[in-house]
Amino acid sequence: MATETATKWVIDPMHSEVQFKVKHLVISTVSGFFKSFNGELLTDSDDFENAEIDFTLDIDSIDTNQTQRDEHLKSAEFFDAAQYPHITFKSTSFTKTDDEEYELKGNLTIKDQTKPVTLDVEFGGSAADFYGNTKAGFEISGKINRKDFGLTWDGVTEAGSIVVGEDIKLLINIQFTKQA
């Protein structure tokens, strides 16, 4: 992408959220959020086709509404936030598949494991805010297997139930602000 003609968009963290869901005991779902993240989008076109996306999450900002669980997730048994403080994503393609739908492919790095992932993206539209800034909204969803990224901790109850599922559902609502 020719950077001199590219338009840069940055994440508006006040109007964005990163959520994940995982099965607990295979009977219910636990949700969590990352409260601190940043990223940008570079595009050569108004329809965002072939945009380049970089995104970083701060592991220490994980919030499942249970302090003890959050500390366990930050520990070496899961994310090992002390050694690997961030999750990163760098796009390899952003392809329009329908009027408001895109397929986002890229490399996701958790701990020291980088794997290709494919995510579904719905473009919510663009609009100007009260201050004249142009905003664009996207909803990104997908699923990853935590064990592919070195998140291999397993617990089994006395009755043989698996404590944490392997598949992690991702739901990310992002609002970008166009830079002048």
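**Reading the features**

Tutor: Let's start with Ile 168, a residue of strand 11 (residues 164-178). Strands are DSSP runs of E with at least two residues, numbered from the N terminus. One thing to keep in mind is that this is a predicted model, where local features need pLDDT of at least 70, side-chain atom pairs count only at pLDDT 80 or more, and totals for chains, interfaces and linings use all residues. Residues are numbered from 1 along each chain as its sequence is written, and side-chain values use heavy atoms, with hydrogens and water left out.

Student: Is Ile 168 buried or exposed?
Tutor: Buried means under 20% relative accessible area, exposed over 50%, and partly exposed in between (1.4 Å probe, protein chains only). Ile 168 has 12% relative accessibility, so it counts as buried. From C-alpha to C-alpha, Ile 168 is 6.5 Å from Arg 146, though the two are 22 residues apart in sequence.

Student: How many aromatic pairs are there in the whole structure?
Tutor: A pair of aromatic rings is described by the distance of the centres and the angle of the planes. Rings of Phe, Tyr and Trp (its six-membered ring) pair if their centres lie within 6.5 Å; planes under 30 degrees apart are stacked, over 60 edge-to-face, and the rest tilted. Searching the whole structure turns up ten aromatic pairs. Take Phe 37 and Phe 55: their centres are 5.9 Å apart and their planes sit at 35°, so this pair is tilted. Phe 37 belongs to strand 4 (residues 37-43) and Phe 55 to strand 5 (residues 52-58), so the pair ties together parts 18 residues apart in sequence. Both Phe 37 and Phe 55 are buried.

Student: What kind of pair do Phe 48 and Phe 138 form?
Tutor: An edge-to-face one, with 5.2 Å centre to centre and 85° between the planes. Phe 48 is in the loop between strand 4 and strand 5, while Phe 138 is in strand 10 (residues 134-145), 90 residues apart. Phe 48 and Phe 138 are buried too. Ring pairs also link them into a cluster with Trp 9, Phe 94, Tyr 102, Phe 123 and Phe 176.

Student: Where is Lys 143, and is Lys 143 buried or exposed?
Tutor: Lys 143 is in strand 10. With a relative accessible area of 54%, Lys 143 is exposed.

Student: And where is Asp 98?
Tutor: In the loop between strand 7 (86-96) and strand 8 (101-110). Asp 98 has a relative accessible area of 48%, so it is partly exposed.

Definitions and conventions
Helices (H or I, at least four residues) and strands (E, at least two) are DSSP runs, numbered from the N terminus.
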